[in-house]
Amino acid sequence: LNQKMLRSVAVLCLALGVAAEVSSVARPALRLRGGASPTQPVVTMSRGLVTSPNGKGELRGGKTGGIDVQLLMYFAGWYLGNYYYTLNNKYALNAAGGSTGFPVTIGFLQMLIGSVYALFLWSAPDARPLPAVTASDVMKIVPVAACAAGAHISSIFSMNLGAVSFSQIVKASEPAFAALLGVTMYGKTISKAKWLCLIPVIGGVCLASVKELDFSVAALVAACVANLFAAFRSNENKKLMDTEGLSDRIGSTGNQFAISTIIGTACLGVFWLFTESSKFSTFMDMFWEKPELRNNLITSGLYFYLYNELSTLTIKKTSATTQSVANTAKRVIVIVGVAIALGESLEFMKLLGCSIGIGGVLLYSLVK
């Protein structure tokens, strides 16, 4: 009963959060006729859009009694969506055969489900306006989308080959990979304080690995590869957003994630063609015969798209410090919650390593 209640809350938060973002983008708060312009800003509390005298709108979030309800919905949808994606993804992988199953097919179909949802929002009346990107813009987005797809499929490999909680702990060390890539390939400089913060990050992962009952070298390597892809994506995305006029042509945060998902799906589709496409008929037989595979695959695909979009919307509406604390809290909730739900080991040394590593990530995010 508790699982069903939590699942219902997750779906509600995801739906409300995305609906709020869609409605705020699709329609202005007030349209004046005859060329008149308001002398005072017009505020609509239901959609949280402030229209200033120059005609520009700004998304602020619907506030009730000083509480930003929309932002709370974003956080709830992000956390619960991430939790249920991780859980349902593991269930789908196990139902498809585990380590000898169809991880690439499952990862590809999850992104395909997200792409279909994105296309639906563009085609539905009054949902989300189409972006005005050019062919040149799309080509510039390809590296970011390809890295996102690589991070996704590598994470699935890691979770398929070992304990999900261990995979999540290793993935929390992404800042170490981002720092190394930033310095060696993107000409960035990292302060001494930030380098020192990486010591507990790496040390925490090592401690967690020592007492991991389901330790797998392959799972560790796959999680590290996922971190590399995520680090490349982060650096490439910063370069991409510096392109003049690109943000205006994309139109919204939702459009940006939708375009990246669709292109990433195409990139992952090529990898799938060379790996598991020859066994697709066998997979489809299992898909129709096993409701646990069918249901968890579809729901994990939707959760993956929605929680990622809500996380980008949350980041857009909060400060850097809030983002760091929120991301740390999310990691702890997902690691502990999924471990309990799946019956994975939570040895003292593993919890200690997890705490040290995630604490280091938080410090790294906060120090200058």
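A: Start with burial. Buried means under 20% relative accessible area, exposed means over 50%, and partly exposed lies in between, with a 1.4 Å probe and protein chains only. At 4% relative accessibility, Y85 therefore counts as buried. This is a predicted model, where local features need pLDDT of at least 70, side-chain atom pairs count only at pLDDT 80 or more, and totals for chains, interfaces and linings use all residues. Residues are numbered from 1 along each chain as its sequence is written, and side-chain values use heavy atoms, with hydrogens and water left out.

Q: How much of the chain is buried?
A: Buried residues make up 48% of the 368 residues.

Q: What does the secondary structure of the chain come to?
A: First, the rule. Helices (H or I, at least four residues) and strands (E, at least two) are DSSP runs, numbered from the N terminus. Here the chain has 14 helices and five strands.

Q: Where is Y85, and which residues does Y85 touch?
A: Y85 sits in helix α2. Contact means heavy atoms within 4.5 Å. Leave out residues up to four places away in sequence. Y85 then touches Q110, H152, I156, M159, S300, Y303, F304 and Y307. Now try a distance. Y85 and N296 are 211 residues apart in sequence, yet 8.8 Å apart in space, C-alpha to C-alpha.

Q: What share of the contacts in the chain joins residues 24 or more positions apart?
A: Count the contacts with a separation of 6 or more. Residues 24 or more positions apart account for 81% of them.

Q: How do I describe two packed helices?
A: Two packed helices are described by the angle between their axes and the distance between the axes. Axes are lines fitted to C-alpha atoms, for helices over the stretch in contact, and angles run from 0 to 180 degrees between N-to-C directions. Take α2 (residues 69–95) and α12 (residues 291–316). Their axes come within 7 Å and cross at roughly 150 degrees. Angles under 35 degrees count as roughly parallel, over 145 as roughly antiparallel, 65 to 115 as roughly perpendicular and the rest as oblique. So α2 and α12 are roughly antiparallel to each other.

Q: Is the crossing of α2 and α12 left-handed or right-handed?
A: A crossing is left-handed if the near helix is turned anticlockwise from the far one by less than a right angle, and right-handed if clockwise. α2 passes α12 in a left-handed crossing. Residue types come next. Ala, Val, Leu, Ile, Met, Phe, Trp, Tyr, Cys and Pro count as nonpolar, Asp, Glu, Lys and Arg as charged, and the others, Gly among them, as polar. The contact of α2 with α12 divides into 16 nonpolar residues, ten polar and one charged.

Q: How do α4 and α10 cross?
A: The axes of α4 and α10 come within 7 Å and cross at roughly 65 degrees. α4 passes α10 in a right-handed crossing. The residues of this contact are 15 nonpolar, three polar and no charged.

Q: Which residues in the largest nonpolar core touch the most other members?
A: A nonpolar core is a set of buried Ala, Val, Leu, Ile, Met, Phe, Trp, Tyr and Cys residues joined through side-chain atoms within 4.5 Å. The largest one has 39 residues, and Y85, I106, F283 and L293 touch the most other members. The largest share of this core, twelve residues, comes from α2. A second, separate core of 14 residues includes W122, I141, A258 and I259.

Q: Is helix α5 mostly covered or mostly open?
A: Helix α5 (residues 164–171) is mostly covered, with seven of its eight residues buried. V170 lies in α5. V170 has a relative accessible area of 1%, so V170 is buried. Beyond its neighbours within four places in sequence, V170 is in contact with V205, L220, A223, C224 and N227.

Q: Are the charged residues K194 and E344 buried or exposed?
A: K194 lies in helix α7 (residues 192–210). At 17% relative accessibility, K194 counts as buried. E344 is found in the loop between α13 and α14. At 13% relative accessibility, E344 counts as buried. The C-alpha atoms of E344 and A163 are separated by 6.8 Å, and the two are 181 residues apart along the chain.
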